Amino acid sequence: MYRLIHQINYSQRSKVMLLFSLCFSTERFPSWAKALLVLLILLVVSGGLLYYFRHYFMSVPWVGVDSGVESVQLICKTTVCLPKDAKVEWKDKDDRKVHVYENGSDQPEEQDDKYKNRTKMKRNLLEPGDLSLTLKHPTDGDNSTYTCTAYSREGNILLKKDVELKVRVPQVEVEVDSGVESVQLPFNTTLHLPEDAKVEWRDKNNRKVHVYENGSDQPEIQSQRYRDRTNMNEDLLKTGDLSLTLKYPTDGDNHTYTCTIYSKEGNILLKRKVELKVRVCQVEVRKGAESVQLPFETTENLPEDAEVRWERYGPYRTVHMYKNGSDQPEEQHQVYRDRTKMNEDLLKTGDLSLTLKHPTERDSGKYRCEVWIDDNNLIRYKTVLLKVKGRVQVQDQTGDIRNRSSSIDPTPLMADQSV
């Protein structure tokens with residue numbers, strides 16, 4: 001009994017020992033009560049042992065690697081003597097055939113397409129009892145529980161083992177100020193990449209940021225949001241430098257970007273993630289200034305039918321509207337009527353900055369410029385936080401009245417990153 005007690009955890013052991021002491025330390029307990037306590041003790045012990053051995057025997061061994069390694073091995077070894085005509089089959093948790101060994105050789109025609117040309121087992125694997133599987137170019141798409149099963153010629157299961165694969169996708173973080181001309185999303189690898197590999201950068205919304213295929217960039221399949229804003233190095237497959245340069249980054253580009261390399265057959269060879277954080281632009285000006293500029297520069301030659309909107313948040317107001325090739329003053333809120341100005345040929349030059357005349361404390365707050373196509377395709381946006389410093393009168397120790405600068409900000413200076 002005491003041997004069984006030592007197999008369970010401390011808290012359960014304490015309860016059992018307490019029941020023992022209550023049961024046998026006094027003669028005042030009737031025999032039926034002692035029998036009931038003994039039965040309760042056995043239930044506690046058996047329950048603890050059942051949990052212990054269930055956890056011990058049902059735990060699945062696992063292997064963890066980073067995406068980008070050449071290969072990973074899923075271990076399956078046995079001391080059981082397997083017959084020469086045994087069949088060995090590896091499957092994933094979705095019951096797809098990963099690798100099949102039968103009649104003394106591999107059977108690649110039985111593999112699922114996802115694993116073709118990516119698996120390998122040892123020759124004469126039945127003799128030493130090493131049924132381990134090597135999986136090439138593992139990525140997070142391969143995360144699964146893999147089952148190795150050995151069958152007799154008659155189809156009886158001789159051996160069955162599970163191995164869980166956990167492939168981590170490395171992620172780096174890049175942070176820059178709004179207004180920089182460009183930012184680089186770094187990605188370097190020493191993995192040998194085939195000449196016909198495809199490189200694809202996507203954002204967290206699965207939009208295509210940049211695509212390199214057949215030896216050149218493919219700008220025609222980029223999302224409009226990133227058109228003319230990205231660049232990759234030459235000979236990137238030879239050098240292994242798959243870094244992406246993103247021009248004119250704004251808080252609208254705050255995403256986790258994923259770079260994926262595919263083989264010609266469409267298999268994922270490598271994957272990497274980069275999180276970009278662009279700090280929101282902040283502008284300060286003193287009350288009484290003639291004007292203040294809310295800056296926004298982006299790529300030249302925006303679509304001619306693009307609509308540019310400057311908006312104020314908290315409360316929401318239309319500050320300036322440009323569409324159909326000209327300003328639309330009737331769309332403005334009356335507070336900003338005759339107080340705003342944008343540059344000429346703004347779609348050609350890419351300078352979408354807004355000039356606000358005669359700023360006051362009430363103009364402090366969050367502004368956002370958005371570039372739309374067809375009223376439902378947002379291709380650019382930038383947030384600007386404006387602070388207008390006013391002047392208040394204070395009385396010094398001599399009783400004289402003096403002016404002192406103060407920053408008055410009636411709205412919370414928080415950027416909306418929801419788009």
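Of the contacts in this protein between residues at least 6 apart in sequence, 60% join residues at least 24 apart, a contact being heavy atoms within 4.5 Å. The model is predicted, so local features need pLDDT of at least 70 and side-chain atom pairs count only at pLDDT 80 or more, while totals for chains, interfaces and linings use all residues. Residues are numbered from 1 along each chain as its sequence is written, and side-chain values use heavy atoms, with hydrogens and water left out.

The protein holds 28 strands and five helices; these are DSSP runs numbered from the N terminus, with helices being H or I of at least four residues and strands E of at least two. Of the 419 residues, 42% are buried, meaning under 20% relative accessible area with a 1.4 Å probe, protein chains only.

Two strands pair if DSSP finds at least two bridges between them. Strand 2 is joined to strand 7 (residues 133-136) by four antiparallel bridges, and Val72 has Leu135 of strand 7 as its bridge partner.

Another open sheet of three antiparallel strands has the order 11-16-15. Here strand 11 (182-185) and strand 15 (230-232) are the edge strands, each pairing on one side only. Strand 11 runs antiparallel to strand 16 (residues 244-247), and four bridges join them. In strand 16, Lys247 stands opposite Ser182.

Key. Buried means under 20% relative accessible area, exposed over 50%, partly exposed in between (1.4 Å probe, protein chains only).
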